[in-house]
Amino acid sequence: MFEFLLRPIRRRYGRDKEFYAAIDDMFHFIPHNIELYKLALIHKSASVELEDGSHINNERLEFLGDAVIESITSDFLFIEFPDRDEGFMTQLRSKIVSRQSLNTIASKIGLDKHVISHASGNMTHKHIYGDAFEAMMGAIYLDKGYDFVNRLLINDIYGRYLSLDNMLQCETDFKSRLIEWCQKNHYSIEFRTGSEPGTSMAHPTFVSTVYVDGIAVGHGVGDSKKQAEQAAAHSVSEAKTSAIDDENSAKILDRIDRIAN
(Lines give C-alpha, C1' and ligand atoms only; values in the text may rest on other atoms or scores of the structure.)
Protein backbone atom coordinates (compact mmCIF):
# COMPACT_ATOMS: atom_id res chain seq x y z
CA MET A 1 0.00 0.00 0.00
CA PHE A 2 2.78 2.42 0.90
CA GLU A 3 5.35 1.16 -1.60
CA PHE A 4 4.39 3.93 -4.03
CA LEU A 5 5.53 6.43 -1.42
CA LEU A 6 8.49 4.42 -0.14
CA ARG A 7 10.08 3.70 -3.52
CA PRO A 8 11.35 7.22 -4.33
CA ILE A 9 12.35 7.84 -0.69
CA ARG A 10 14.33 4.61 -0.36
CA ARG A 11 16.01 5.08 -3.75
CA ARG A 12 17.13 8.67 -3.13
CA TYR A 13 17.73 9.09 0.58
CA GLY A 14 19.55 7.28 3.38
CA ARG A 15 22.83 5.40 3.65
CA ASP A 16 21.44 2.32 1.87
CA LYS A 17 19.88 4.16 -1.07
CA GLU A 18 22.22 2.45 -3.57
CA PHE A 19 21.20 -1.00 -2.35
CA TYR A 20 17.49 -0.16 -2.48
CA ALA A 21 17.90 1.21 -6.00
CA ALA A 22 19.82 -1.90 -7.12
CA ILE A 23 17.16 -4.29 -5.81
CA ASP A 24 14.38 -2.18 -7.31
CA ASP A 25 16.12 -2.07 -10.70
CA MET A 26 16.70 -5.83 -10.75
CA PHE A 27 13.49 -7.14 -9.20
CA HIS A 28 11.07 -4.17 -9.26
CA PHE A 29 10.20 -3.97 -5.58
CA ILE A 30 11.43 -2.29 -2.40
CA PRO A 31 12.73 -4.66 0.32
CA HIS A 32 11.63 -4.60 3.92
CA ASN A 33 14.91 -5.83 5.42
CA ILE A 34 17.70 -4.48 3.24
CA GLU A 35 20.36 -6.19 5.37
CA LEU A 36 19.36 -9.59 3.96
CA TYR A 37 20.00 -8.39 0.42
CA LYS A 38 23.31 -6.77 1.33
CA LEU A 39 24.39 -10.10 2.81
CA ALA A 40 23.27 -11.97 -0.32
CA LEU A 41 25.79 -9.98 -2.34
CA ILE A 42 28.85 -10.93 -0.26
CA HIS A 43 30.73 -13.83 -1.82
CA LYS A 44 32.70 -16.00 0.59
CA SER A 45 35.96 -14.62 -0.83
CA ALA A 46 34.94 -11.24 0.60
CA SER A 47 33.63 -12.58 3.93
CA VAL A 48 33.30 -10.07 6.76
CA GLU A 49 35.05 -11.16 9.96
CA LEU A 50 33.21 -10.47 13.21
CA GLU A 51 34.73 -9.79 16.62
CA ASP A 52 34.24 -13.41 17.71
CA GLY A 53 36.27 -14.62 14.74
CA SER A 54 33.31 -15.90 12.72
CA HIS A 55 32.75 -14.86 9.11
CA ILE A 56 29.59 -13.78 7.36
CA ASN A 57 28.88 -14.19 3.66
CA ASN A 58 26.08 -15.33 1.38
CA GLU A 59 26.61 -19.11 1.72
CA ARG A 60 23.73 -19.71 4.15
CA LEU A 61 21.34 -17.68 2.01
CA GLU A 62 22.62 -19.54 -1.05
CA PHE A 63 21.76 -22.85 0.65
CA LEU A 64 18.25 -21.62 1.39
CA GLY A 65 17.74 -20.05 -2.02
CA ASP A 66 18.80 -23.25 -3.78
CA ALA A 67 16.03 -25.15 -1.99
CA VAL A 68 13.47 -22.42 -2.70
CA ILE A 69 14.32 -22.27 -6.42
CA GLU A 70 14.16 -26.04 -6.78
CA SER A 71 10.81 -26.23 -5.00
CA ILE A 72 9.25 -23.45 -7.07
CA THR A 73 10.67 -24.83 -10.33
CA SER A 74 9.34 -28.32 -9.53
CA ASP A 75 5.86 -26.92 -8.91
CA PHE A 76 6.06 -24.85 -12.11
CA LEU A 77 7.02 -27.85 -14.27
CA PHE A 78 4.38 -30.07 -12.64
CA ILE A 79 1.71 -27.58 -13.73
CA GLU A 80 3.27 -26.66 -17.08
CA PHE A 81 3.68 -30.27 -18.27
CA PRO A 82 0.73 -32.28 -16.90
CA ASP A 83 1.32 -35.20 -19.27
CA ARG A 84 5.07 -35.66 -18.88
CA ASP A 85 6.75 -38.20 -16.61
CA GLU A 86 9.11 -37.72 -13.68
CA GLY A 87 12.24 -38.32 -15.75
CA PHE A 88 11.37 -35.55 -18.20
CA MET A 89 10.59 -33.04 -15.43
CA THR A 90 13.72 -33.96 -13.47
CA GLN A 91 15.98 -33.40 -16.48
CA LEU A 92 14.30 -30.12 -17.41
CA ARG A 93 14.50 -28.89 -13.82
CA SER A 94 18.20 -29.72 -13.78
CA LYS A 95 18.73 -27.56 -16.84
CA ILE A 96 16.75 -24.64 -15.41
CA VAL A 97 18.51 -24.62 -12.02
CA SER A 98 21.98 -25.42 -13.38
CA ARG A 99 24.80 -23.03 -12.55
CA GLN A 100 25.13 -22.14 -16.21
CA SER A 101 21.47 -21.17 -16.41
CA LEU A 102 21.50 -19.21 -13.13
CA ASN A 103 24.74 -17.46 -14.11
CA THR A 104 23.07 -16.34 -17.34
CA ILE A 105 19.99 -15.07 -15.52
CA ALA A 106 22.13 -13.25 -12.95
CA SER A 107 24.02 -11.46 -15.72
CA LYS A 108 20.86 -10.56 -17.62
CA ILE A 109 19.24 -8.90 -14.61
CA GLY A 110 22.47 -7.07 -13.75
CA LEU A 111 23.22 -8.92 -10.52
CA ASP A 112 26.83 -9.48 -11.61
CA LYS A 113 27.49 -5.74 -11.27
CA HIS A 114 26.66 -5.74 -7.56
CA VAL A 115 28.31 -8.90 -6.22
CA ILE A 116 31.11 -8.18 -3.74
CA SER A 117 33.97 -10.58 -4.38
CA HIS A 118 37.72 -10.86 -3.91
CA ALA A 119 37.97 -13.97 -6.03
CA SER A 120 40.72 -14.48 -8.57
CA GLY A 121 40.18 -14.09 -12.29
CA ASN A 122 39.57 -17.83 -12.72
CA MET A 123 36.94 -17.85 -9.98
CA THR A 124 35.13 -14.93 -11.57
CA HIS A 125 34.22 -17.07 -14.57
CA LYS A 126 32.76 -19.89 -12.51
CA HIS A 127 29.63 -19.72 -10.39
CA ILE A 128 29.83 -16.58 -8.28
CA TYR A 129 26.87 -14.90 -9.96
CA GLY A 130 24.65 -17.96 -10.02
CA ASP A 131 25.44 -18.51 -6.33
CA ALA A 132 24.55 -14.87 -5.61
CA PHE A 133 21.26 -15.31 -7.47
CA GLU A 134 20.40 -18.27 -5.24
CA ALA A 135 21.34 -16.21 -2.18
CA MET A 136 19.13 -13.38 -3.41
CA MET A 137 16.16 -15.73 -3.76
CA GLY A 138 16.83 -16.89 -0.20
CA ALA A 139 16.83 -13.27 0.97
CA ILE A 140 13.57 -12.53 -0.84
CA TYR A 141 12.00 -15.63 0.67
CA LEU A 142 12.91 -14.52 4.20
CA ASP A 143 11.90 -10.93 3.55
CA LYS A 144 8.73 -11.35 1.49
CA GLY A 145 7.61 -14.97 1.86
CA TYR A 146 7.25 -18.00 -0.39
CA ASP A 147 4.26 -16.79 -2.40
CA PHE A 148 6.04 -13.55 -3.27
CA VAL A 149 9.24 -15.21 -4.49
CA ASN A 150 7.13 -17.80 -6.34
CA ARG A 151 5.35 -15.10 -8.34
CA LEU A 152 8.59 -13.19 -8.91
CA LEU A 153 10.54 -16.20 -10.15
CA ILE A 154 7.84 -17.70 -12.39
CA ASN A 155 6.03 -14.65 -13.76
CA ASP A 156 8.87 -12.17 -13.94
CA ILE A 157 12.30 -13.79 -14.05
CA TYR A 158 11.50 -17.06 -15.85
CA GLY A 159 8.93 -15.26 -17.98
CA ARG A 160 11.48 -12.74 -19.23
CA TYR A 161 14.78 -14.61 -19.22
CA LEU A 162 14.03 -18.30 -19.66
CA SER A 163 13.03 -20.04 -22.88
CA LEU A 164 11.61 -23.49 -22.23
CA ASP A 165 11.74 -24.23 -25.95
CA ASN A 166 15.49 -23.62 -25.99
CA MET A 167 15.89 -25.65 -22.80
CA LEU A 168 14.05 -28.59 -24.36
CA GLN A 169 16.27 -28.48 -27.44
CA CYS A 170 19.52 -28.08 -25.49
CA GLU A 171 21.18 -31.28 -24.30
CA THR A 172 23.19 -30.90 -21.08
CA ASP A 173 22.95 -34.26 -19.35
CA PHE A 174 25.58 -36.00 -21.45
CA LYS A 175 26.45 -38.46 -18.69
CA SER A 176 22.94 -39.93 -18.52
CA ARG A 177 22.70 -40.21 -22.29
CA LEU A 178 26.09 -41.90 -22.50
CA ILE A 179 25.17 -44.39 -19.76
CA GLU A 180 21.86 -45.15 -21.45
CA TRP A 181 23.62 -45.69 -24.78
CA CYS A 182 26.19 -48.04 -23.23
CA GLN A 183 23.50 -50.05 -21.46
CA LYS A 184 21.44 -50.33 -24.63
CA ASN A 185 24.45 -51.52 -26.64
CA HIS A 186 25.84 -53.79 -23.91
CA TYR A 187 29.02 -51.83 -23.23
CA SER A 188 30.46 -51.42 -19.75
CA ILE A 189 31.03 -47.84 -18.58
CA GLU A 190 32.98 -46.42 -15.66
CA PHE A 191 33.83 -42.89 -14.50
CA ARG A 192 37.06 -42.54 -12.52
CA THR A 193 36.97 -39.18 -10.77
CA GLY A 194 39.14 -37.49 -8.18
CA SER A 195 40.53 -34.14 -7.13
CA GLU A 196 43.39 -32.77 -9.18
CA PRO A 197 46.73 -32.84 -7.34
CA GLY A 198 47.90 -29.44 -6.19
CA THR A 199 44.49 -27.80 -5.90
CA SER A 200 43.39 -26.39 -2.55
CA MET A 201 40.87 -28.14 -0.32
CA ALA A 202 38.83 -24.93 -0.19
CA HIS A 203 38.49 -24.72 -3.98
CA PRO A 204 39.28 -28.18 -5.39
CA THR A 205 39.35 -29.00 -9.08
CA PHE A 206 38.13 -32.44 -10.10
CA VAL A 207 39.24 -34.50 -13.08
CA SER A 208 37.35 -37.42 -14.56
CA THR A 209 38.06 -40.07 -17.15
CA VAL A 210 35.28 -42.16 -18.67
CA TYR A 211 36.04 -45.73 -19.69
CA VAL A 212 33.91 -47.68 -22.16
CA ASP A 213 34.69 -51.39 -22.20
CA GLY A 214 37.87 -50.59 -20.26
CA ILE A 215 39.10 -48.04 -22.81
CA ALA A 216 39.58 -44.38 -21.85
CA VAL A 217 37.43 -42.44 -24.30
CA GLY A 218 36.86 -39.07 -22.62
CA HIS A 219 38.28 -36.65 -20.06
CA GLY A 220 36.76 -33.73 -18.20
CA VAL A 221 37.54 -31.11 -15.54
CA GLY A 222 35.12 -29.32 -13.19
CA ASP A 223 34.55 -27.66 -9.84
CA SER A 224 32.72 -30.75 -8.60
CA LYS A 225 32.71 -34.47 -9.36
CA LYS A 226 29.38 -34.07 -11.13
CA GLN A 227 30.69 -31.32 -13.40
CA ALA A 228 33.88 -33.20 -14.20
CA GLU A 229 31.93 -36.33 -15.16
CA GLN A 230 29.52 -34.33 -17.32
CA ALA A 231 32.50 -32.73 -19.06
CA ALA A 232 34.11 -36.15 -19.58
CA ALA A 233 30.90 -37.54 -21.10
CA HIS A 234 30.53 -34.48 -23.32
CA SER A 235 34.12 -34.84 -24.53
CA VAL A 236 33.28 -38.32 -25.85
CA SER A 237 30.82 -36.90 -28.37
CA GLU A 238 33.47 -34.41 -29.56
CA ALA A 239 36.38 -36.87 -29.67
CA LYS A 240 38.27 -37.37 -32.90
CA THR A 241 38.74 -41.04 -33.71
CA SER A 242 42.04 -40.24 -35.47
CA ALA A 243 43.49 -39.50 -32.04
CA ILE A 244 42.68 -43.04 -30.83
CA ASP A 245 45.18 -45.73 -31.68
CA ASP A 246 43.15 -48.71 -30.52
CA GLU A 247 40.91 -49.94 -33.32
CA ASN A 248 38.20 -51.10 -30.96
CA SER A 249 38.22 -47.73 -29.21
CA ALA A 250 37.80 -46.00 -32.55
CA LYS A 251 34.77 -48.14 -33.35
CA ILE A 252 33.20 -47.38 -29.97
CA LEU A 253 33.81 -43.65 -30.36
CA ASP A 254 32.40 -43.71 -33.88
CA ARG A 255 29.11 -45.01 -32.47
CA ILE A 256 29.09 -42.86 -29.34
CA ASP A 257 29.72 -39.79 -31.49
CA ARG A 258 26.13 -40.10 -32.67
CA ILE A 259 24.83 -39.37 -29.17
CA ALA A 260 25.12 -35.63 -29.66
CA ASN A 261 23.25 -35.74 -32.96
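Predicted model: local features only at pLDDT ≥ 70, side-chain atom pairs only at ≥ 80, totals over all residues.
A residue is called buried when its relative accessible area is under 20%.

**First stop: D16 and K38**

Select D16 and K38. Their side chains form a salt bridge, with N and O 3.0 Å apart. D16 belongs to the loop between α1 (3–12) and α2 (17–27), whereas K38 sits in helix α3 (residues 34–40), so the pair ties together parts that are 22 residues apart in sequence. Both D16 and K38 are buried; for K38 the relative accessibility is 15%, and because the limit is 20%, K38 falls on the buried side.

An α-helix has 3.6 residues a turn, so residues three or four places apart point the same way. E35 is partly exposed, at a relative accessible area of 39%. The whole structure holds 10 salt bridges.

**Second stop: D131 and R99**

Move to D131 and R99, another salt-bridged pair, whose closest N and O atoms are 2.7 Å apart. D131 is in helix α8 (residues 128–144) and R99 in helix α6 (residues 99–109), so this bridge ties together parts that are 32 residues apart in sequence. D131 is buried, with a relative accessible area of 13%, while R99 is partly exposed, with 23%.

Which residues touch the most other members of the largest nonpolar core? Select F27, L111, F133, M137 and Y158, which hold that place among the 47 residues of the core. At least two residues of this core come from each of α2, α3, α4 (59–80), α5 (86–96), α6, α8, α9 (146–161) and α10 (164–169). The contribution of α8 is the greatest, with 8 residues.

Centre the view on F27 and display its surroundings. Apart from neighbours within four places in sequence, F27 is in contact with I109, M136, M137, I140, L152, D156 and I157. A second, separate core consists of 13 residues; to find it, select C182, V210, V217 and A232, which are among its members.

Turn next to V48, L50 and I56. On the surface, these three residues form a nonpolar patch with about 210 Å² of accessible area together. L50 is located in the loop between β1 (48–49) and β2 (55–56), and its relative accessibility of 38% makes L50 partly exposed.

**Last stop: helix α8**

Finally, select α8, the helix that carries D131. How many residues does α8 have, and what distance does it reach from its first C-alpha to its last? The helix has 17 residues and reaches 24 Å, close to the 24 Å expected at 1.5 Å a residue. Of these 17 residues, 13 are buried, so α8 is largely enclosed by the rest of the structure. Step past the end of the helix to G145, which follows α8 and has a positive phi, near 100 degrees.

Methods. Residues numbered from 1 in each chain as written. Heavy atoms only, no water. Salt bridge = Lys/Arg side-chain N within 4 Å of Asp/Glu carboxyl O. Helix = DSSP H or I, 4+ residues; strand = E, 2+ residues; numbered from the N terminus. Buried < 20%, exposed > 50% of the residue type's maximum accessible area, 1.4 Å probe, protein only. Core = buried A, V, L, I, M, F, W, Y, C linked by side-chain atoms within 4.5 Å. Contact = heavy atoms within 4.5 Å. Patch = residues over 30% accessible without salt bridge, like charges linked within 9 Å, V, L, I, M, F, W, Y side chains within 5 Å. Areas by Shrake-Rupley, 256 points an atom, 1.4 Å probe, with all protein chains shown as cover. Expected span 1.5 Å × (residues − 1).
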